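Have the sequence and the 3D view side by side as you read.

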Amino acid sequence: MPDNPVMRLVQAGLFAFLLIAVSVCDIRSRRIPDSLQIGIAALAALDFSWKNLLGLFVALPFLTVAIACREKGGIGGGDVKLVASMGVVLGMSAGLTASVIGLASFLCYAAVHGFVQREKGKERPGAYPLGPFLAAGGICAYFMKMGGSL
């Protein structure tokens, strides 16, 4: 985290703002614009550390799943790039925490929503946007890191 409290506040505010924008875009269009992801990754410059570059590796499992499921409409490239850009800002441990929080909340939502749809006699949608859940995990992990929990 930046040593300067003003810079810390600026980075936190911009990180949260960009992740909320990612969520809105993904919910509306099922696309995450590259410009938002570049903006998220650029925030790492406010507190650059070579160790934070290890956060890129957090995206490897997502990339593997995206490649393996590309025919079935699984994880999209935008989700992989989102995890990578968040990883550069958060670093490895907070990036992993963000992924776990995001995926756990996504699985809970999909399970409950699927159950409710089945009880109503409706079919489940084929896909859910993953970006909002990853963004929520990123915001949680950022503030956990800022508070010293990570």
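Helices here are DSSP runs of H or I with at least four residues, numbered from the N terminus. Keep in mind that this is a predicted model. With that numbering in hand, look for Ser 49, which sits in the loop between α2 and α3. In sequence, Ser 49 and Gly 91 are 42 residues apart, yet their C-alpha atoms lie 8.7 Å from each other in space.

Next, turn to a pair of helices. Two packed helices are described by the angle between their axes and the distance between the axes. For α2 (residues 34-42) and α4, the angle is about 15 degrees and the axes are 8 Å apart. Angles under 35 degrees count as roughly parallel, and α2 and α4 are therefore roughly parallel to each other. Their crossing is left-handed. On the α2 side, the contact involves Asp 34, Gln 37, Ile 40 and Ala 41, while α4 brings residues including Leu 82, Met 86 and Val 89. The residues of this contact are 6 nonpolar, 3 polar and 2 charged.

Finally, follow α5, which runs over residues 92-119. Its 28 residues span 40 Å from first C-alpha to last, close to the expected 40 Å. Among the buried residues of α5 are Ala 98, Phe 106 and Gln 117. The buried residues of α5 pack against α3, α4 and α6. Just past the end of α5, Gly 121 adopts a positive phi of about 80 degrees.

Terms used:
Residues are numbered from 1 along each chain as its sequence is written. This is a predicted model: local features need pLDDT of at least 70, side-chain atom pairs count only at pLDDT 80 or more; totals for chains, interfaces and linings use all residues. Side-chain values use heavy atoms; hydrogens and water are left out. Helices (H or I, at least four residues) and strands (E, at least two) are DSSP runs, numbered from the N terminus. The expected span of a helix is 1.5 Å times one less than its number of residues. Buried means under 20% relative accessible area, exposed over 50%, partly exposed in between (1.4 Å probe, protein chains only). Contact means heavy atoms within 4.5 Å. Axes are lines fitted to C-alpha atoms, for helices over the stretch in contact, and angles run from 0 to 180 degrees between N-to-C directions. Angles under 35 degrees count as roughly parallel, over 145 as roughly antiparallel, 65 to 115 as roughly perpendicular and the rest as oblique. A crossing is left-handed if the near helix is turned anticlockwise from the far one by less than a right angle, and right-handed if clockwise. Ala, Val, Leu, Ile, Met, Phe, Trp, Tyr, Cys and Pro count as nonpolar, Asp, Glu, Lys and Arg as charged, and the others, Gly among them, as polar.
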